[in-house]
Amino acid sequence: MDNRGFQQGSFNSFQSSSSDEDLMDIPETAMDFSMRDDVPPLDGDIEEDKSYNGGGIGASNRMMDFLEEPIPGVGTYDDFNTIDWVREKSRDRDRHREITNKSKESTWALIHSVSDAFSGWLLMLLIGLLSGSLAALIDISAHWMTDLKEGVCTGGIWFNHEHCCWNSKNVTFEDRDKCPEWNSWSQLIISTDEGAFAYIVNYFMYVLWALLFAFLAVSLVKVFAPYACGSGIPEVLSAAAAAGVSVAFGAPIGGVLFSLEEVSYYFPLKTLWRSFFAALVAAFTLRSINPFGNSRLVLFYVEFHTPWHLFELVPFILLGIFGGLWGALFIRTNIAWCRKRKTTQLGKYPVVEVLVVTAITAVLAFPNEYTRMSTSELISELFNDCGLLDSSKLCDYENRFNTSKAGELPDRPAGVGVYNAMWQLALTLILKIVITIFTFGMKIPSGLFIPSMAVGAITGRLLGVGMEQLAYYHHDWAIFNSWCSQGADCITPGLYAMVGAAACLGGVTRMTVSLVVIMFELTGGLEYIVPLMAAAMTSKWVADALGREGIYDAHIRLNGYPFLEAKEEFAHKTLAMDVMKPRRNDPLLTVLTQDSMTVEDVETIISETTYSGFPVVVSRESQRLVGFVLRRDLIISIENARKKQDGVVSTSIIYFTEHSPPMPPYTPPTLKLRNILDLSPFTVTDLTPMEIVVDIFRKLGLRQCLVTHNGRLLGIITKKDVLKHIAQMANQDPDSILFN
């Protein structure tokens with residue numbers, strides 16, 4: 001291009017692969033800013049010349065503007081195409097403005113205006129109700145299906161183990177988990193629960209049910225997953241994410257903060273209010289259904305009463321370091337495995353992979369009671385603050401005390417059950433670490449939050465019990481004697497489990513604020529915020545030192561989604577002209593002119609290209625930008641015109657102007673497509689710093705922006721061009737960035 005604003009080095013770039021967002025080069029034409037190409041006749045001229053209609057003298061009705069009424073499909077998007085949210089927000093504002101203006105015309109219009117104003121809140125209400133109801137159904141079903149792998153209730157097959165024994169009249173408090181109505185599979189099949197053969201029968205049925213449930217889950221995913229793919233409305237997705245976390249952890253405020261911190265790149269006040277409302281309704285719905293029968297929203301809700309001490313920040317920070325190391329290890333190994341799945345034959349057999357991993361998991365899990373139980377039950381047991389009536393092995397302490405404060409138990413020496421539980425938990429930790437690496441990313445919702453929390457909770461409980469016994473046997477050490485006397489309740493192992501869970505979840509997801517609030521809402525105690533903050537920040541710092549990406553960001557990059565991460569700063573001094581297309585020696589940019597192209601010309605361009613849209617210019621000589629038109633809108637509009645208007649032929653002229661010049665008589669009718677033209681496409685100048693361009697793409701969710709110089713169209717920058725440029729600046733091969 002003959003332009004002083006360009007430097008030779010700015011054209012040293014990479015060749016883009018063809019995609020639906022790429023556009024081609026523009027002709028190297030002389031700049032012409034004359035007004036002769038797009039100045040419409042004055043109103044007086046139109047009044048004097050009644051034939052001004054684009055169809056020639058005597059053809060007063062031959063100018064076709066068929067877009068006065070909306071055409072189905074215009075303004076919509078093809079599947080798996082990036083949505084231009086700036087354009088959609090503008091259209092939505094125009095729609096609201098039109099409805100508001102009409103509301104004064106009639107009572108029905110006023111009702112329509114009111115219903116439109118409340119439609120968003122009604123949608124949030126429905127999202128909250130459905131989220132809470134589905135969460136309750138999932139909680140009840142998951143508990144029942146977990147117990148079904150071990151046995152069945154003869155008093156009613158729909159009862160899980162706990163509810164079965166609740167209804168029994170032949171059960172004691174000490175043996176509350178054993179009742180005649182609950183039978184293991186060996187009791188049903190061979191009428192005994194003793195001996196090696198009974199163990200084998202129970203083992204076999206456990207693996208069989210696990211495989212059956214896994215096949216059911218992967219079949220449901222195969223059927224319904226395609227409907228969940230593609231884009232969604234950001235406000236609705238933000239509210240749904242908040243509602244989901246609200247019911248998963250019983251943390252409505254934490255859910256809103258999670259949506260703000262991890263999900264949304266654009267979070268205005270309206271979205272904040274509506275997300276909070278959806279989370280509130282979801283939590284209220286779940287609480288009303290009460291799936292656990294204890295008036296709690298989650299199975300592992302806990303309350304601690306013993307305060308923590310300053311010295312305990314040291315083990316809490318150690319848990320944070322472990323969480324960061326676990327997060328970095330998990331992300332690297334999981335991404336390596338998922339990449340292997342995508343690049344080998346393994347990825348072609350997702351159902352087989354799920355069944356094989358399920359079989360291996362079930363075979364390894366059954367012998368250990370802590371791997372055999374559901375992960376939520378395991379976390380609940382690890383968080384538990386042991387009392388006198390607890391029958392868990394984790395609470396099998398030797399009771400050598402005479403008196404204690406009301407509601408408190410002093411630190412006690414560990415019994416045989418605690419030591420047995422320790423080595424079983426150590427084996428459980430190893431299995432959870434390995435299995436989670438292979439299961440996340442499979443074609444089944446295997447989860448990330450709960451498995452990561454389980455890894456941290458196990459580690460925290462092991463460390464907590466160790467600290468508890470150290471304080472009991474060595475309370476006279478300098479680190480203990482100032483705050484831990486003999487017979488006092490000094491250490492709470494359940495608190496260590498909770499801090500470890502937060503640390504490991506933070507190391508994997510890099511959550512901070514929302515994570516602390518979620519864990520705070522789980523415990524209901526303000527005094528434990530400092531340990532949680534210390535562990536969460538430490539895990540993030542350690543994990544960031546070993547790798548900047550969280551697990552979600554890593555999978556976005558692995559799957560090739562064109563997503564701009566808002567947390568990374570662009571610190572390079574490049575300009576828009578260094579990134580835009582076209583580059584020197586590239587093909588010419590495909591553009592449309594506002595009043596000189598026929599239907600055949602436009603259809604030829606559409607058939608020979610795959611671009612999602614085209615800039616519209618005044619003329620090929622001036623290259624003055626008029627607007628931007630989407631490919632899909634062009635196709636639908638032309639097809640509709642051919643069906644509804646007689647005489648539209650390949651030689652009909654297409655106009656993107658407000659007025660069309662007089663045409664000779666007996667010429668084909670012209671098509672006026674100005675209504676599908678975006679007259680305010682986002683533009684930047686060629687000297688705009690890329691730091692600003694990247695910020696614009698992130699905060700506005702643009703698909704593309706046009707590059708101009710003194711009003712003349714020079715090129716285009718798409719989101720994929722920005723991502724490739726960021727990769728190039730990071731010394732990565734830009735052609736290795738693949739987009740799905």
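1. Cysteine 165 is buried, with a relative accessible area of 4% (buried meaning under 20% relative accessible area, with a 1.4 Å probe and protein chains only). A disulfide joins cysteine 165 to cysteine 179, S to S 2.2 Å (a disulfide being a pair of cysteine sulfur atoms within 2.5 Å), and with -75° about the S-S bond this link is left-handed. Because cysteine 165 lies in helix α4 and cysteine 179 in the loop between α4 and β3 (182–184), the pair ties together parts that are 14 residues apart in sequence. Cysteine 179 also counts as buried, at 8% relative accessibility.

2. This is a predicted model, in which local features need pLDDT of at least 70 and side-chain atom pairs count only at pLDDT 80 or more, whereas totals for chains, interfaces and linings use all residues. Residues are numbered from 1 along each chain as its sequence is written, and side-chain values use heavy atoms, with hydrogens and water left out.

3. The structure holds three disulfides. Another of them links cysteine 153 and cysteine 164, S to S 2.1 Å, and is right-handed, with 75° about the S-S bond. Cysteine 153 lies in strand β2 (residues 151–153) and cysteine 164 in helix α4 (residues 161–166), so the pair ties together parts 11 residues apart in sequence (helices, H or I of at least four residues, and strands, E of at least two, are DSSP runs numbered from the N terminus).

4. Cysteine 386 is joined to cysteine 395 by a disulfide, S to S 2.0 Å, and both cysteines are buried. The torsion about their S-S bond is about -80°, so the disulfide is left-handed.

Technical notes:
Buried means under 20% relative accessible area, exposed over 50%, partly exposed in between (1.4 Å probe, protein chains only).
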